[in-house]
Amino acid sequence: MATALKPGSRFKSAVCDTQVMVVKAPAGEHELCCGGVAMLAPTASGEGALDANFASGTLIGKRYVNEDESLELLCTKGGQGSLSLGATPLDVKQAKQLPSSD
Amino acid sequence: MNISTILDMAAEAFGDRVAVVSGEQRLSYAQLREHALSAAAYLRASGAGYLALLDVASPATPVAIFAAAYAGVPYVPLNYRLTAPELNALVARVAPAVLVTNAEYRQLLTPHDGMQLIDRDAFMALPIAGDEVAQPDEDPRAVAVQLFTSGTTGQPKAAILRHENLMSYIVGTVEFAAADEADAIVVTVPPYHIAGISAVLSSTYACRRMVQLPNFDPRAWLQAMRSENVSNAFLVPTMLGRIVEHLDASGEAPALPALRALAYGGGKMPLATIERAMQLFPQVGFTNAYGLTETSSTIAVLGPDDHRAAAASDDPRVRRRLSSVGRAAAVEIEIRDDEGRVLGAEDAGMVYVRGPQVSGEYQSLGSQLDADGWFPTKDRGYLDADGYLFLDGRADDVIVRGGENISPGEIEDVLLAHPAVADVACVAIPDAQWGEAVAAAVVLHADGVASVAELQELVRARLRSSRVPQAVVFRDALPYNETGKILRRVIRQELATQVAAAAA
């Protein structure tokens, strides 16, 4: 199920504990998946089976991006599934120096 | 999107880590979340539309910030230094509210139907709630924080910060769980200051221990830094000035072995203070953070490497960066003239800022952003060719003498260079010939001697005759607010009255 991804919107995995928040996203509708299954709105419920091809896991606090980094997700809760945009896996974004003031 | 996610993440990843230290009191991130959820359940049951706080910093401060977020109501920290009538006028603007306070400040408030008072200790002892309130409002446009601006220029305005502004700020400037277990930050700004709020959010997201020091004093600060092995600190410039003075006067060793990072902001840092602080603490990385309430705090940063490069450089263009507030952080910055034209490097005008963390919005006045999303900060300044921002005072403080814009800052810098001058403020006074004229309020060092003519000649020689203060008045001290902002409005009124009386 393709959905518009707006910065700030949150999704949870249908098959594991993973939760994400959209930091930035390309326009249009996209199918955001975790564990190979379409992700859900935070309050929705659904089920499915974890696809072994998308089971390398997510880590809390990590940022996940597509190849051109037009999509960036923040993992707010880790889980067993791994993230993908359709069938294309997302990668962990390399940490960059942030302009922190503390 | 809701800023309570910040606490959920910290509690999930590092629930056992100490979140807050206040005297003997300690709360872990899991406990902080438990208290916030309990308080959120209480808030929801109360029917209140706001959670106000009238108190010094305590563990109840972070609890209140997150409780309001879980409950979906704005958090409204109030300035406890205001008078009773001022406070009651503000409280009337946030009814119906639950108001967290203590026995001392409670006496300032006049009870009314729209205000449910709860003592800080009772607020921290609410019955544990289940997880049923854990699913907060997801509306990114919901208001997270409402802050009354200090009102140095009139009736306080209520700045609105939405969840999307604060969350963008945190995600854009802090790496999750960036702190080591041993790290700690001492927070000395009061809860009602934007830096006090952003410190709680940043520290929680970094999973860093917060050490609260409600009443700043150089000795108490140095002691807390040592006893808690503090790695990070945030200070307003006057506080750093007092620490430097204390160390120089007492001869106490500037030994803070755990301190790695010291950030400052909230006002202009005197060059002499930062230079001396860098000598006293050579191992510390200094960061100048420039921001406004309306921008969810920091928008420009002069980092540790910038400080070191500037201090070590013989190139005057690099050297002067020690007086800059650094480069744009997670925002865009541009300078415009009075007609709205974007200016190039080195040209001074009004500082504009744009980005998702910028709210630029006040209750009832609405958004102050222009059609393209730019917010006029009302600060004057210029960028250098490499994007370093130099501030030049508030636009409202510019003295317009015969159509010429004069920045008080450049005259003040010249006067401060006089060895006898300890502090100075230049303001506009009414003038029959020029419309406005320059007046200076000067504080001399205890043993300092300087004549009016001598100070006027100094300005004439270094700048030009239009900059020469027409009136120079000596004072024992200048008025500042509690975060070290000089109260120019007060000085302006006093000098205008005094100069008019002298002429009569």
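## A briefing on chain B

At 33% relative accessibility, B:R394 counts as partly exposed, because that value lies between the cut-offs of 20% for buried and 50% for exposed. Please keep in mind that this is a predicted model.

**Around B:R394**
- B:R394 belongs to strand β21 of chain B, which spans residues 389-394.
- Setting aside neighbours within four places in sequence, B:R394 has contacts with B:L292, B:T377, B:K378, B:D379 and B:R380.
- B:G291 is 103 residues away from B:R394 along the chain, and 13 Å separates the C-alpha atoms of these two residues.

**Around B:S4**
- Is B:S4 buried or exposed? B:S4 has a relative accessible area of 0%, so this serine is buried.
- Helix α1 of chain B, residues 4-14, is where B:S4 is found.
- When residues up to four places away in sequence are not counted, B:S4 touches B:F66, B:A69, B:Y70 and B:P136.

**The largest nonpolar core**
- A total of 99 residues make up the largest nonpolar core.
- Helix α3 of chain B (residues 60-71) supplies the largest share of this core, with ten residues.
- The residues with the most contacts inside the core are B:L51, B:F123, B:W221 and B:F286.
- As background, nonpolar side chains tend to be buried together in soluble globular proteins.
- Which residues does B:F286 contact, leaving aside its neighbours within four places in sequence? They are B:L240, B:L262, B:Y264, B:I274, B:A277, B:M278, B:F281, B:L302, B:G303, B:P304 and B:H307.

**The annotated C-terminal domain**
- An unreviewed UniProt entry carries the annotation "domain: AMP-binding enzyme C-terminal" for residues 410-485 of chain B.
- In the model, residues 410-485 of chain B are 24% helix and 34% strand, and the end C-alpha atoms of this span lie 17 Å apart.

**How α14(B) meets α15(B)**
- Helix α14 (residues 408-416) and helix α15 (residues 452-462), both of chain B, pack with their axes 9 Å apart at an angle of about 120°.
- The crossing of α14(B) past α15(B) is right-handed.
- On the α14(B) side, the meeting residues are B:I411, B:V414 and B:L415. Their partners in α15(B) are B:L455, B:L458, B:V459 and B:R462.

Notes. Residues are numbered from 1 along each chain as its sequence is written. Chains are lettered from A and ligands numbered from 1 in the order in which they are written. This is a predicted model: local features need pLDDT of at least 70, side-chain atom pairs count only at pLDDT 80 or more; totals for chains, interfaces and linings use all residues. Side-chain values use heavy atoms; hydrogens and water are left out. UniProt positions are given in the numbering used here, feature names are shortened, and annotations may be inferred rather than shown by experiment. Helices (H or I, at least four residues) and strands (E, at least two) are DSSP runs, numbered from the N terminus. A nonpolar core is a set of buried Ala, Val, Leu, Ile, Met, Phe, Trp, Tyr and Cys residues joined through side-chain atoms within 4.5 Å. Buried means under 20% relative accessible area, exposed over 50%, partly exposed in between (1.4 Å probe, protein chains only). Contact means heavy atoms within 4.5 Å. Axes are lines fitted to C-alpha atoms, for helices over the stretch in contact, and angles run from 0 to 180 degrees between N-to-C directions. A crossing is left-handed if the near helix is turned anticlockwise from the far one by less than a right angle, and right-handed if clockwise.
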